[in-house]
Amino acid sequence: MSPFLFWIFALLTLIFGAAVVINRNPVASALSLVVSFLGLAALFMSLNAYFIGIIQVLVYAGAVMVLFLFIIMLLNLRAEEARRINWLATAGGVAVALILLGQIFSVISHLKFAQNPFPPLAGLTVDDVRNIGAVLFRNYNLPFQIVGVLVLVATVGVVLLSKREPR
Amino acid sequence: MITLGDYLMVSGILFAIGFAGVMLRRNLIIIFMSLELMLNAANLSLVAFSRFRVGPTGLPDYNAQVFVFFIITVAAAEVAVGLAILVALYRARQTTDVKDITSLKF
């Protein structure tokens with residue numbers, strides 16, 4: 001992938017990710033999150049992870065965000081009225097996030113191998129879905145089954161949680 | 001030339017944005033969205049490492065991509081359960097603001 005496209009999609013992801021936090025209107029935040037996830041899917045594809053990019057779009061930008069928007073509409077949330085902002089708490093939160101960012105940057109800059117270019121792949125394209133499927137079903141079959149049970153439990157739990165309690 | 005470090009930087013910034021969202025915002029739905037941002041930042045660095053660690057067959061390391069697959073699956077289940085809890089909370093209290101939910105506060 002050309003550096004130009006990488007920076008376009010990286011900036012798209014980061015700017016709209018910041019917009020999620022900054023926007024006061026929950027609907028605007030959710031739509032910013034969709035754009036951020038689409039940029040991230042493009043970054044996945046730039047790393048030759050086509051399958052992950054596709055399920056990023058299908059599961060996150062599709063299913064999860066529809067769920068978020070549905071809940072926002074259901075609860076009829078409007079932009080939160082401008083409450084008195086506690087500047088001390090805000091400054092503290094930003095400072096903690098900046099300290100975390102500084103630590104991440106210092107770790108990355110100390111990684112010598114991180115400055116090497118990506119090694120070339122065997123072919124121009126990779127047979128992504130088949131290879132992931134082979135690894136998933138050969139080496140990670142038990143975790144896969146457990147995740148299936150987890151999703152079932154989550155489904156039953158959601159139905160139970162959203163049932164109205166009988167008076 | 002785009003290196004592994006660039007991808008890790010983007011992932012780190014995205015994680016910090018999500019972290020700041022969890023720290024700063026008081027709307028529970030926005031906090032949930034910020035959590036999703038942090039999960040996705042971790043996914044990005046996992047996929048970048050997967051592409052970086054090319055095996056002798058010339059293929060990326062698919063263990064990391066399977067890991068990302070599991071993360072996405074569990075995150076989707078987590079969002080469903082979390083939003084159901086949010087709806088139940090809204091039904092009981094008519095609020096999604098963390099400042100108004102202080103029953104467990106000492």
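Tutor: Start with B:Ala48. B:Ala48 counts as buried because it has 26 C-beta neighbours inside 10 Å. The rule: buried means 20 or more other C-beta atoms within 10 Å of a residue's own, exposed means 12 or fewer, partly exposed is in between, and C-beta atoms are placed from the backbone. One caution: this is a predicted model, where local features need pLDDT of at least 70, side-chain atom pairs count only at pLDDT 80 or more, and totals for chains, interfaces and linings use all residues. Residues are numbered from 1 along each chain as its sequence is written, while chains are lettered from A and ligands numbered from 1 in the order in which they are written.

Student: Which helix does B:Ala48 lie in?
Tutor: Helix H2 of chain B, residues 28–52. Helices here are DSSP runs of H or I with at least four residues, strands are E runs of at least two, and both are numbered from the N terminus.

Student: And what does B:Ala48 touch, leaving out residues up to four places away in sequence?
Tutor: A:Leu47, B:Leu4, B:Tyr7 and B:Leu8. Contact means C-beta atoms, placed from the backbone, within 7 Å.

Student: Which residues touch the most other members of the largest nonpolar core?
Tutor: A:Leu43, A:Phe44, B:Ile29, B:Met33, B:Leu44, B:Val47 and B:Ala48, in a core of 59 residues. Such a core is a set of buried Ala, Val, Leu, Ile, Met, Phe, Trp, Tyr and Cys residues joined through C-beta atoms within 7 Å.

Student: Which elements give two or more residues to this core?
Tutor: H1, H2 and H3 of chain A, plus H1 (4–24), H2 and H3 (62–93) of chain B. H2(B) gives the largest share, 13 residues.

Student: What is B:Met33 in contact with, beyond its neighbours within four places?
Tutor: A:Val20, A:Ser29, A:Ala30, A:Leu33 and A:Phe68.

Student: Now the whole interface. How many residues of each chain are in contact?
Tutor: 67 residues of chain A with 61 residues of chain B. The side of chain A that touches chain B divides into 55 nonpolar, eleven polar and one charged. Ala, Val, Leu, Ile, Met, Phe, Trp, Tyr, Cys and Pro count as nonpolar, Asp, Glu, Lys and Arg as charged, and the others, Gly among them, as polar.

Student: What's the secondary structure of chain B?
Tutor: Three helices and zero strands. The chain B C-alpha atoms fill a box of roughly 60 × 25 × 25 Å along the principal axes. Of the 106 residues of chain B, 45% count as buried.

Student: Switching to chain A. Is H6(A) in the open or buried?
Tutor: H6(A) lies largely in the open, because the number buried among its 21 residues is zero.

How values were computed: Two residues are in contact if their C-beta atoms, placed from the backbone, lie within 7 Å.
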